[in-house]
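Please open the model in a viewer and keep the selection panel at hand. The tour goes from one selection to the next and says what is found at each stop.

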Amino acid sequence: MWKVKPPVTFPKEVKYRPILENLIPPDPMAQFHLKRGFPQEEFPDLCRNFTWMGRILTLDLYRRQFNRCTQSGVIFDDVIRPGLEEPGDYLGPVSVGCVAGDAESYILFCDFFDRVIEAYHEQKITSQTPESDLNYDNLKGGDDLDRSYAVRCEVSVVRGIEDFCFPTHCSRGERRQLLTLARQALEQLEQKLAGRLLLLTDLSQEQQSELNLKAPTSFQLRIGVARDWPDARAVWVSEDRSLLVWVNIDEHLRLVSTREDANVAQAFQCICINLQKLEKYYRGLRHPFIWKQQLGWVTSSPANVGTGLRISVLIKLQHLPKHKHLKDVLKRLRINMDKTDSPELYNIGNMATFGLTEVALTQLVVDGVKLLIIMEKRLEGSLSIDELVPAQK
């Protein structure tokens, strides 16, 4: 029987190699032997790409990123893959079309990411550190929406964990470590708010639907977010159902608070209180949330930098969706209106997460929803809404 011979080792080499390697930091790209052509040969076809990536990326910009690689192995083609898989639609909303594989991506590919972030959020990136305001008492209103129109609300926030790659690039081991960290942090949270951690592998499809958890889309599978599904995915549920914490679903962490009474103020308060607690617990575990000085909180998607906060209110509208000024109204209010399966129900939410504080973003949605409801009431009475259209900012 053939036996594998042990490798030949040289004592001096074993002794001095670590010292020599530490003198010159290795180039990450040197670890790869990618059979790629020149940048002009590898440049993607963006003729019918309607994402921000497709609008911004040029051959010169691509050439500058081409030979860069983060320490964990993220190259620029990994960054732009989502926009190539889903090029968007001419008439549809414009997505960012890119994703960060790790936190270093925002630094190494900053000349690309900064342009995408500025275009998507309509906010310039400056040297100033973004402001944060999680004092829910500063929110005005939010608990007084007209229930004849406001049906339900949801407030969610995402966070990335320091020292781990983002979902599109992390390994199985990293994902499982993230689950272990989440279990430790949530055990501390349970001392203040009773709840339990449920693994997706233990939940039926019906139970997942009750928690508003959907099966991964083909797009999520193609870009790698849903690799090894549902391994190391979990959701923490508070006993009173006021708070859900998604672990490794689409980001490292997503906190979700849903209110069937459309009380945005209460949902926002729940998120603010528990987010700050989890931030403290993760810092104690020596894995704080990822923060970049000029961007604020960052996760895998540039669409969520800054605050990572999303506020959504489901409202009933019959007349306003058909009005000629609706598009201008939404643009000036800086909010989105998305259709649902019901022809009279629409989701109203914030467009951007960067450039405003958490309170300011929530206030933007609350005030916007109130104005839309006022407009709907006037249209029901066959009255004009021209004087209610906000001025161009």
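**Domains.** This is a predicted model. Select 36–121 and colour it as domain 1, then select 136–388 and colour it as domain 2. Between the C-alpha centres of domain 1 and domain 2 the distance is 25 Å.

**Interface.** Next, show the residues where the two domains meet. On the domain 1 side, 21 residues are in contact with 24 residues of domain 2. About 1,900 Å² is buried between domain 1 and domain 2, and carbon and sulfur atoms account for 64% of that area. Polar links are present too: eleven residue pairs, both members at pLDDT 80 or more, are in polar contact across the two domains.

How many salt bridges are there between domain 1 and domain 2? The count is two. For a salt bridge to look at in the viewer, select Glu-86 and Arg-222 and show their side chains, which meet at 2.9 Å, N to O.

**Largest cavity.** Rolling a probe the size of a water molecule over the atoms shows where empty space is left. Over the whole structure, a search finds three cavities of 30 Å³ or more. Which residues line the largest cavity? Select Tyr-120, His-121 and Glu-122, then Arg-334, Met-351, Ala-352, Leu-361 and Leu-364 to see its lining. The largest cavity has about 60 Å³ of volume.

Methods. Residues numbered from 1 in each chain as written. Predicted model: local features only at pLDDT ≥ 70, side-chain atom pairs only at ≥ 80, totals over all residues. Heavy atoms only, no water. Domains from an automatic or database assignment. Contact = heavy atoms within 4.5 Å. Buried area = accessible area lost by both parts, 1.4 Å probe. Salt bridge = Lys/Arg side-chain N within 4 Å of Asp/Glu carboxyl O. Polar contact = N/O pair within 3.5 Å; in protein donor to acceptor, adjacent residues only side chain to side chain. 1 Å grid on protein atoms, 1.4 Å probe; cavity = no way out; pocket = protein on both sides within 12 Å on 5 of 7 lines; lining within 4 Å. Points joined across faces, edges and corners; volume = space filled by probe spheres on them.
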